[in-house]
Amino acid sequence: MASTMLSLSSASAIASSSLAPQHNRPLGGSDHAAVWGKNKSNSFMKTKSRGRITMAIAVNVSRFEGITMAPPDPILGVSEAFRADTHEMKLNLGVGAYRTEELQPYVLNVVKKAENLMLERGENKEYLPIEGLAAFNKVTAELLFGADNPVIEQKRVATVQGLSGTGSLRLAAALIERYFPGAKVIISSPTWGNHKNIFNDARVPWSEYCYYDPKTVGLDFDGMISDIKAAPEGSFVLLHGCAHNPTGIDPTPEQWATIADVIEEKNHIPFFDVAYQGFASGSLDEDASSVRLFAARGMELLVAQSYSKNLGLYAERIGAINVLCSSADAATRYGPLMTGTPWTSCGL
């Protein structure tokens with residue numbers, strides 16, 4: 001760690017001290033040796049300056065001083081304000097969650113049952129493969145595409161466990177940045193606030209397509225189709241599988257078919273964010289129909305999943321990134337999506 005010399009004598013002594021020119025200058029290499037000599041571990045030292053004795057102290061300067069504070073999350077900020085508020089009638093309008101009458105997160109009975117089964121079986125905490133828990137990856141892909149879907153039977157889906165939807169999206173963004181350099185992601189206007197942050201962090205360029213029409217309080221379908229057509233060929237089109245965040249407005253089945261037509265025509269790659277499967281209609285299968293429509297067309301696509309909302313697993317950060325490939329061989333070569341780990345082509 002770099003150091004500076006701070007004199008503890010009076011201002012006049014500092015002005016005349018031979019140490020004064022060394023203020024705010026990092027000490028390293030020969031400079032460091034000249035000041036500290038062989039005893040580099042001393043925190044204090046005495047120096048003579050024109051007949052006066054002054055004491056100097058080494059003040060550590062962090063190498064991380066240049067790092068700026070990240071902006072606060074506006075949604076989580078609401079929750080912080082809620083906790084700080086002492087009003088007895090307060091309501092938390094921040095992150096959506098199942099809650100009890102006491103405003104505590106509600107744990108679903110199915111989750112309690114699963115946890116009890118794990119305890120009864122004596123599940124250990126052994127390291128998982130880099131792709132995550134194989135049994136989880138299998139059933140999450142089946143939940144998304146349908147257990148009897150040909151893409152499952154043909155082993156064309158590569159699934160990697162992620163840190164909920166956010167981590168899964170970030171893995172996909174890293175994949176795009178590495179293997180599709182310069183490719184753009186187009187996202188709906190408006191969209192979930194973190195989408196832009198994720199792609200910015202991954203250095204993936206993005207732009208927006210029309211989605212919400214404030215005049216009709218509905219979907220601007222014509223604007224959406226026009227913008228998807230205008231996007232550079234081979235763009236990734238980020239679509240909300242169901243229960244669009246934040247509008248709650250989803251395309252109709254007929255509109256989804258048209259969207260798929262345009263994406264195929266433009267040689268784009270569909271990229272679904274599925275964070276609310278089961279929320280829109282109450283049916284897990286119906287809410288996955290948009291993804292399954294594209295899969296049935298034989299299209300290759302990315303799908304990020306989250307179980308924070310529909311299973312109330314907020315703290316566990318459970319999710320996955322799926323890549324539907326053109327062949328089982330391509331899916332096998334998909335490789336682990338981990339930072340610093342060599343990835344292989346998925347055949348997209």
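Leu-239 touches Tyr-209, Met-224, Trp-256, Ile-259, Ile-263, Phe-271, Phe-272, Asp-273 and Phe-294, leaving aside residues up to four places away in sequence; contact here means heavy atoms within 4.5 Å. The structure is a predicted model, in which local features need pLDDT of at least 70 and side-chain atom pairs count only at pLDDT 80 or more, while totals for chains, interfaces and linings use all residues. Residues are numbered from 1 along each chain as its sequence is written, and side-chain values use heavy atoms, with hydrogens and water left out.

**Nonpolar cores**

Leu-239 is also one of the residues with the most contacts inside the largest nonpolar core, together with Phe-145, Ile-259 and Phe-294; this core has 32 residues. The elements that give two or more residues to this core are helix 5, helix 6 (150-153), helix 9 (221-230), strand 9 (236-240), helix 10 (253-265), strand 10 (269-274), helix 12 (289-296) and strand 11 (301-306). Helix 10 supplies the largest share, five residues. Apart from this core lies another, of 27 residues, including Val-185, Phe-271, Ile-321 and Ala-330.

A nonpolar core is a set of buried Ala, Val, Leu, Ile, Met, Phe, Trp, Tyr and Cys residues joined through side-chain atoms within 4.5 Å. Buried means under 20% relative accessible area, exposed over 50%, and partly exposed in between (1.4 Å probe, protein chains only). Helices (H or I, at least four residues) and strands (E, at least two) are DSSP runs numbered from the N terminus.

**Salt bridges**

Side chains of opposite charge can pair when their charged atoms come close. A search of the whole structure finds seven salt bridges, each defined as a side-chain nitrogen of Lys or Arg within 4 Å of a carboxyl oxygen of Asp or Glu.

Arg-83 is exposed, with a relative accessible area of 54%, whereas Glu-80 is partly exposed at 49%.

Glu-142 and Lys-138 both belong to helix 5 (residues 134-145), where four residues, about one turn of the helix, lie between their positions in the sense of being four residues apart. Glu-142 counts as buried at 19% relative accessibility, while Lys-138 counts as exposed at 51%.

Lys-196 is partly exposed at 28% relative accessibility, and Glu-208 is partly exposed at 37%. Elsewhere, salt bridges that share partners join Asp-261, Glu-264 and Arg-297 into one network.

**A nonpolar surface patch**

Val-78, Leu-91, Leu-93 and Leu-103 make a nonpolar surface patch of about 390 Å². Such patches consist of residues with over 30% relative accessible area and no salt bridge, with like charges joined within 9 Å and nonpolar side chains (Val, Leu, Ile, Met, Phe, Trp, Tyr) within 5 Å; accessible areas come from the Shrake-Rupley method with a 1.4 Å probe, and for residues only the protein chains shown count as cover. Leu-91 is placed in the loop between helix 3 and helix 4 (109-121) and is exposed, at 63% relative accessibility. The C-alpha atoms of Leu-91 and Ser-79 are separated by 9.7 Å, and these residues are 12 residues apart along the chain.
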